[in-house]
Structure formats: C-alpha cells, structure tokens
Amino acid sequence: MTTLPDRPNTALLIIDVQNGVVDQAPNRDAVVANIRTVTDKARAAAVPVIWVQHSDDDLEYGSKSWEYVPELVRRHDEPLVHKKYGDSFEETDLEAVLAEHKVGRLVVTGAQTDACIRSTLHGAIVRGYDATLVADAHTTEDLTEYGAPAPEQVIAHTNLYWKWHEAPGRKGGTTTTEELTF
C-alpha cells in the first residue's frame with residue numbers, strides 16, 4: 001500500500017540494539033532473542049536486513065557501548081546505516097539503501113521505543129513507507145526518574161497507537177515475532 005512507486009519489497013530494520021543502549025532495558029534478553037528470530041525469518045525469506053547504529057556524545061563511535069550486542073551478528077552483505085539523530089532517515093543513506101532494494105514496507109525492531117523507534121516509524125510514514133512494528137521486539141530504558149511512564153507502559157502504549165496508525169496510502173501496524181511473515 002506504500003505511496004512510493006515501484007517499491008514492492010519489504011525490509012527489516014534493526015535499530016540501535018547496541019550495548020550501551022539496551023544494557024539496562026527491561027526484558028533485554030527476550031527482546032534480543034525475538035530480534036534474532038525475526039532476523040532469521042527475514043534471511044530465510046531473502047528479505048533485506050538493514051542495521052542502524054547510533055552515535056553521539058554518550059554513545060561514542062567505535063566504543064564498546066556503541067557496538068551491537070554480541071547475540072546479533074550482521075552479515076557482511078547486510079547494509080549498515082550510521083546515524084546521529086532519532087529518525088533513522090535523517091542525514092543517513094537509509095533512503096538510498098531502501099531505494100536500491102525497491103523497499104516500500106519496513107518491519108521495525110530495536111531500541112529505544114520512545115525515541116529512535118517512534119521517530120523512525122513516523123519518519124517512514126511521512127516519507128511514503130508502510131511501517132510495521134514488531135510488538136515484542138523493541139524496548140527502552142527506564143526514564144521514570146525524569147517523569148516518563150515505566151518502560152513497560154511506554155512499550156505497550158507505542159504498540160497500541162501504532163497498531164492503528166495510518167495515513168493516506170500508507171499503513172502502520174503491529175505484529176508479534178511469532179505471527180510475523182514476510
């Protein structure tokens with residue numbers, strides 16, 4: 001249903017599952033295991049797997065905290081997009097990578113739910129993509145000391161509103177790791 005012409009394909013985005021991003025995330029191990037399962041499904045279906053990796057002052061490029069978690073291993077032929085903003089499209093080559101693969105639908109996993117995941121989902125929709133969030137394959141840190149809801153509530157709320165998200169000619173939506181098909 002994408003509004004992008006000649007973009008019939010789907011890609012999996014794995015956003016910021018880096019040591020310093022998910023080390024304190026609730027259900028970290030289960031979420032990472034789900035992302036690995038989703039990655040295996042994508043690879044088995046010959047769906048492009050695109051890795052997104054954030055860096056900033058707190059997540060220094062090349063540091064141990066910047067590295068992807070050891071349970072997830074990128075293959076040499078899978079694109080890696082480096083970013084400095086929440087939205088994975090901003091000042092990156094993500095759009096060029098997606099165009100090369102004729103992608104019009106994204107399946108999104110990763111971290112942080114309330115930052116880079118939401119920003120990228122909305123960025124995808126406004127750019128003409130369909131974007132499906134894997135409801136049990138994203139997480140965030142606990143920011144309750146700053147007035148945010150508990151992480152489980154942030155995740156549940158994001159899943160709730162994204163399930164019904166749509167725009168003219170574009171669709172959001174959620175699925176689970178088990179229900180996901182490519």
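Tutor: Let us start with the surroundings of Thr177. Leaving aside neighbours within four places in sequence, Thr177 is in contact (heavy atoms within 4.5 Å) with Asn34, Thr37, Val38, Lys41, Val134, Asp136 and Ala137. This is a predicted model, in which local features need pLDDT of at least 70 and side-chain atom pairs count only at pLDDT 80 or more, while totals for chains, interfaces and linings use all residues. Residues are numbered from 1 along each chain as its sequence is written, and side-chain values use heavy atoms, with hydrogens and water left out.

Student: Why is Thr177 called buried?

Tutor: Buried means under 20% relative accessible area, exposed means over 50%, and partly exposed lies in between (1.4 Å probe, protein chains only). Thr177 has a relative accessible area of 5%, and is therefore buried.

Student: What makes Ala150 partly exposed?

Tutor: The relative accessible area of Ala150 is 25%, so Ala150 counts as partly exposed. Ala150 is found in the loop between strand E5 (130-139) and H5; helices (H or I, at least four residues) and strands (E, at least two) are DSSP runs, numbered from the N terminus.

Student: How do you know that Ser88 is buried?

Tutor: Ser88 has a relative accessible area of 0%, and so it is buried. Ser88 lies in the loop between strand E3 (80-83) and helix H3 (94-100). Leaving aside neighbours within four places in sequence, its contacts are Ile15, Val52, Val81, Lys83, Leu94 and Thr120. Ser88 and Ser119 are 31 residues apart in sequence, with their C-alpha atoms 7.6 Å apart in space.

Student: Why is H4 called roughly parallel to H5?

Tutor: Two packed helices are described by the angle between their axes and the distance between the axes. The axes of H4 and helix H5 (residues 151-163) come within 11 Å and cross at roughly 10 degrees. Angles under 35 degrees count as roughly parallel, over 145 as roughly antiparallel, 65 to 115 as roughly perpendicular and the rest as oblique; H4 is therefore roughly parallel to H5.

Student: Which residues make that contact?

Tutor: Thr113, Asp114, Arg118, Leu121, His122 and Ile125 of H4 meet Val154, Ile155, His157, Thr158, Tyr161 and Trp162 of H5.

Key:
Axes are lines fitted to C-alpha atoms, for helices over the stretch in contact, and angles run from 0 to 180 degrees between N-to-C directions.
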